[in-house]
Amino acid sequence: MRDDEPVSGPLPYAEVTDEAYAARAAVDFRAQEFEFAVVLSGPCPRCGHASATTLVDEVYRKDAATPDPGYRTLLCECEVEHPGCPAGLRGCGAYWTLRLEVEA
Ligand SMILES: [Zn+2]
């Protein structure tokens with residue numbers, strides 16, 4: 001916790017998306033592949049705080065309901081408390097789509 005944060009503090013929680021979020025995350029996020037999961041981590045394109053999302057093996061499965069399982073919606077999961085964040089959730093509320101390029 002720093003006490004030199006701007007008076008306004010962290011951005012208020014808002015469930016928002018923007019084409020720029022996806023573009024920024026595509027550049028900044030790194031995928032780490034494990035046996036049964038992929039961890040995507042990088043700075044949230046909205047609030048800039050470090051965020052990491054774990055995707056379990058469902059991403060590899062063919063699912064009739066999702067024609068292209070390579071596209072996943074990611075949410076900001078940073079550790080910073082954003083004002084107005086609903087109980088049980090975390091992050092600033094930003095979400096975006098990321099195309100997973102997983103080697104077969
Ligand atoms: Zn965020």
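Reply: Strands are DSSP runs of E with at least two residues, and helices are runs of H or I with at least four, numbered from the N terminus. The model is predicted, so local features need pLDDT of at least 70 and side-chain atom pairs count only at 80 or more, while totals for chains, interfaces and linings use all residues. Residues are numbered from 1 along each chain as its sequence is written, and side-chain values use heavy atoms, leaving out hydrogens and water.

Me: Thanks! Where is C92?
Reply: C92 lies in the loop between β4 and β5.

Me: Is C92 buried or exposed?
Reply: C92 counts as buried because its relative accessibility is 0%; buried means under 20%, exposed over 50% and partly exposed in between, with a 1.4 Å probe and protein chains only.

Me: Which atoms coordinate the zinc ion?
Reply: The SG atoms of C44, C47, C76 and C92 do, at 2.2 to 2.3 Å. Donors are N, O and S atoms within 2.8 Å of the metal (3.2 Å for Na, K and Ca), and water is not among the atoms, so sites may look incomplete.

Me: And how are those donors spaced along the chain?
Reply: The pattern is C-x2-C-x28-C-x15-C.

Me: Switching to H82: what does its side chain reach?
Reply: The H82 side chain comes to 2.7 Å from the backbone oxygen of L11. H82 is in the loop between β4 (71-75) and β5 (95-99), and it counts as buried because its relative accessibility is 3%.

How values were computed
Polar contact = N/O pair within 3.5 Å; in protein donor to acceptor, adjacent residues only side chain to side chain.
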